[in-house]
Amino acid sequence: MKYKRVLLKLSGEALMGDRQYGIDPKRLAEYAQEIKKITDKGVEVAIVIGGGNIFRGVAGASKGMDRVQADHMGMLATVINGLALQSALEDAEIPTRLQSAIKINEVAEPFIKRRALRHLEKGRVVIFGGGTGNPYFTTDSAAVLRAIEINADVILKGTRVDGIYTSDPEKNADATKFDFISFDDVLRKGLKVMDTTAFTLSQENELPIIVFDMNKSENLLKVVSGESVGTRVNL
């Protein structure tokens, strides 16, 4: 395997499958099997999931809700998704721990860096819920922050698109895909990979990002094996 320790970033919407809202157990089971393929190879896996399939703080704030309250609701949504994914992973016989940036001791461990590292070293998948624990920060920022803290080799951003394009390929059939692109080129071209805070943090810490289609079987294994899948963003 090219990468020993990875942080996988999944959107909350990815868990919906073909639904319009909530969590699709079938999609969860599929993701668990894809993750098992790399844990069986000895890869250490940490995961950050969004909460957009349940509640998105920015959307709530745009409709008049207090932004801080809305963001805390979004954080709780990521913990719900984390619990669902933990259950699916354990059904696939993958030892898993859920850590939360906000204290919910009855359902998740508090985030403690050394404990997270120990879990990873023991071959357990660690899911980080609760975002950063602070309002105004997205789960993209949480993903980059946790990846830096655990010394991950790469951030793997699993999406429903097979990489980064010149424009939205779902709206523009003429969009062309990048196999490799630099951080500077992403910023110069105004491409949306992550929010600006998360992207800048990744750039400053020289942490590469690979954007790939998580819904295609074997893609995660291919990425971790070093095959040219998706788009790689680096210096």
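Student: Why is Thr 139 called buried?

Tutor: Buried means under 20% relative accessible area, exposed means over 50%, and partly exposed lies in between (1.4 Å probe, protein chains only). Thr 139 has 19% relative accessibility, which is under 20%, so it counts as buried. Before going on, note that this is a predicted model, in which local features need pLDDT of at least 70 and side-chain atom pairs count only at pLDDT 80 or more, while totals for chains, interfaces and linings use all residues. Residues are numbered from 1 along each chain as its sequence is written, and side-chain values use heavy atoms, with hydrogens and water left out.

Student: Which residues does Thr 139 touch?

Tutor: Contact means heavy atoms within 4.5 Å. Leaving aside residues up to four places away in sequence, Thr 139 touches Lys 9, Val 48, Ile 49, Gly 50 and Thr 78. Thr 139 itself lies in helix α5.

Student: What makes a stretch a helix or a strand?

Tutor: Both are DSSP runs numbered from the N terminus: a helix is a run of H or I with at least four residues, and a strand is a run of E with at least two. Helix α3, for instance, covers residues 67-91 and has 25 residues.

Student: What makes Asp 71 and Arg 67 a salt bridge?

Tutor: A salt bridge is a side-chain nitrogen of Lys or Arg within 4 Å of a carboxyl oxygen of Asp or Glu. The closest N and O atoms of Asp 71 and Arg 67 are 2.8 Å apart, so the pair qualifies. The two residues are four apart in helix α3, or about one helical turn. Asp 71 is buried at 9%, whereas Arg 67 is partly exposed at 25%.

Student: How many salt bridges does this rule give?

Tutor: The count comes to 15. One of them joins Lys 26 to Glu 30, with the closest N and O atoms 2.8 Å apart. Both residues lie in helix α1 (residues 25-39). Lys 26 counts as exposed at 56%, and Glu 30 is partly exposed at 34%.

Student: Why is Arg 146 called buried, and what is its partner?

Tutor: Its relative accessible area is 5%, which is under the limit, so it is buried. Arg 146 forms a salt bridge with Glu 149 at 2.7 Å between the closest N and O atoms. Glu 149 is partly exposed, at 23%. Salt bridges that share partners also join Lys 9, Asp 140 and Lys 157 into one network.

Student: Which strands stand at the edges of the sheet, and what makes them edges?

Tutor: The open sheet has nine strands with mixed pairing, in the order β4-β3-β5-β2-β1-β6-β10-β11-β9. β4 (109-110) and β9 (180-182) each have a single partner strand, so one side of each is left without a neighbour in the sheet. Helix α5 (residues 139-149) packs on this sheet, touching β1, β2, β5 and β6.

Student: How do you know that β3 and β4 pair?

Tutor: Two strands pair if DSSP finds at least two bridges between them. Strand β3 (residues 96-100) and β4 have two bridges, in the parallel sense, so they meet the rule. Ser 100 stands opposite Pro 110 in β4.

Student: How does β11 pair with β9 and with β10?

Tutor: Three bridges join β9 to β11 (residues 231-234), and these strands run parallel. Phe 180 stands opposite Arg 232 there. β10 (residues 209-213) and β11 are antiparallel, over three bridges.

Key
Expected span 1.5 Å × (residues − 1). Axes fitted to C-alpha atoms, helices over the stretch in contact; angles between N-to-C directions.
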